[in-house]
Amino acid sequence: MASRLVLVVGDLFIPDRAPLKKLLAPGKIGQILCLGNLTDKETYDFLRQIAPDLQIVKGEFDVEAPNLALSKVVTHGSLRIGFTHGHTLIPPGDPDSLLIAARHMDVDVLLWGGTHRFEAYELEGKFFVNPGSATGALSTGWWPDTEEPTPSFCLMDVQGDVLVLYVYQLKTDQNGVENVAVEKVSFRRNSGLSA
């Protein structure tokens with residue numbers, strides 16, 4: 001693979017409302033890990049243009065793709081990275097449930113979706129990442145009534161046992177002006193997070 005950059009995206013639902021789409025250019029990304037709820041062929045085709053190595057797991061609304069796996073594992077550098085949509089985890093988004101899933105999959109990093117909200121944290125030597133929803137799709141039960149979902153996705157750069165996560169979020173200020181905020185988080189297996 002020429003590029004070590006891995007796009008992590010999920011819960012797309014409304015592909016024509018993908019404001020972060022213009023940030024993704026073919027040839028820059030080596031692999032895409034899609035955490036489900038792709039929901040249409042046009043979005044699939046767009047992602048294939050970005051990177052031909054497109055790995056997808058099934059979300060609860062991917063009804064036209066019954067043969068997709070519920071979870072997968074890939075290896076980058078010396079890190080095993082597992083990914084799943086998250087709708088099969090009970091309770092959804094629960095750190096203990098995610099830790100059990102990571103142990104079951106025997107992975108250093110677990111990517112999950114379903115909440116439409118970005119999260120990244122380390123727990124018991126494992127790194128957990130939810131990229132949120134690339135389109136800012138609503139999800140009942142995960143957002144306070146006064147808060148709007150924030151469109152987001154992640155890029156991972158893995159070198160050996162170090163994963164650098166770049167989080168892209170479309171933020172709107174009090175004047176209604178949108179801008180893309182980028183946050184960087186690093187994880188080294190067996191030594192935890194750094195900013």
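User: Why is Val180 called partly exposed in this model?

Analyst: This is a predicted model, and in it Val180 has a relative accessibility of 35%. Buried means under 20% and exposed means over 50%, so Val180, at 35%, falls in between and counts as partly exposed. Val180 lies in strand E11.

User: Thanks! On to charges: how do you know that Lys41 and Asp45 form a salt bridge?

Analyst: Their closest N and O atoms are 2.9 Å apart. The cut-off is within 4 Å, so the pair qualifies as a salt bridge. Lys41 and Asp45 both belong to helix H1, residues 41-50, and sit four residues apart, about one turn of the helix.

User: Why is the contact of Arg103 with Glu124 called a salt bridge?

Analyst: The N to O distance is 2.3 Å, and a salt bridge needs within 4 Å, so the two side chains meet the rule. Arg103 is in helix H2 (residues 95-105), while Glu124 is in the loop between strand E7 (118-123) and strand E8 (126-131), so the pair ties together parts that are 21 residues apart in sequence. Arg103 is partly exposed at 48% relative accessibility, whereas Glu124 is exposed with 56%.

User: What makes Asp108 and Arg189 a salt bridge?

Analyst: Here the closest N and O atoms are 3.5 Å apart. That is within 4 Å, so Asp108 and Arg189 count as a salt bridge. The pair links distant parts of the chain, 81 residues apart: Asp108 is in the loop between H2 and strand E6 (109-112), and Arg189 is in the loop between strand E11 (178-188) and strand E12 (192-194).

User: Why is Asp108 called buried?

Analyst: Its relative accessibility is 14%, and buried means under 20%, so Asp108 counts as buried. Arg189, with 24%, is partly exposed.

User: How many salt bridges does the rule give?

Analyst: The count is four salt bridges.

User: Now the rings. How many aromatic pairs are there, and why are Phe127 and Phe187 called stacked?

Analyst: The whole structure holds four aromatic pairs. One of them is Phe127 with Phe187, with 5.0 Å centre to centre and 5 degrees between the planes. Rings pair within 6.5 Å and count as stacked under 30 degrees, so this is a stacked pair. Phe127 lies in strand E8 and Phe187 in strand E11, so the pair ties together parts that are 60 residues apart in sequence. Both residues are buried.

User: What makes Phe153 and Tyr168 a stacked pair?

Analyst: Their ring centres are 5.0 Å apart and their planes are at 15 degrees, so the pair is stacked. The pair links Phe153 in strand E9 (residues 152-159) to Tyr168 in strand E10 (residues 162-172), 15 residues apart.

User: How do you know whether Phe153 is buried or exposed?

Analyst: Phe153 has a relative accessible area of 3%. Since buried means under 20%, Phe153 is buried. Tyr168, at 18% relative accessibility, counts as buried too.

Methods
Residues are numbered from 1 along each chain as its sequence is written. This is a predicted model: local features need pLDDT of at least 70, side-chain atom pairs count only at pLDDT 80 or more; totals for chains, interfaces and linings use all residues. Side-chain values use heavy atoms; hydrogens and water are left out. Helices (H or I, at least four residues) and strands (E, at least two) are DSSP runs, numbered from the N terminus. Buried means under 20% relative accessible area, exposed over 50%, partly exposed in between (1.4 Å probe, protein chains only). Rings of Phe, Tyr and Trp (its six-membered ring) pair if their centres lie within 6.5 Å; planes under 30 degrees apart count as stacked, over 60 as edge-to-face and the rest as tilted.
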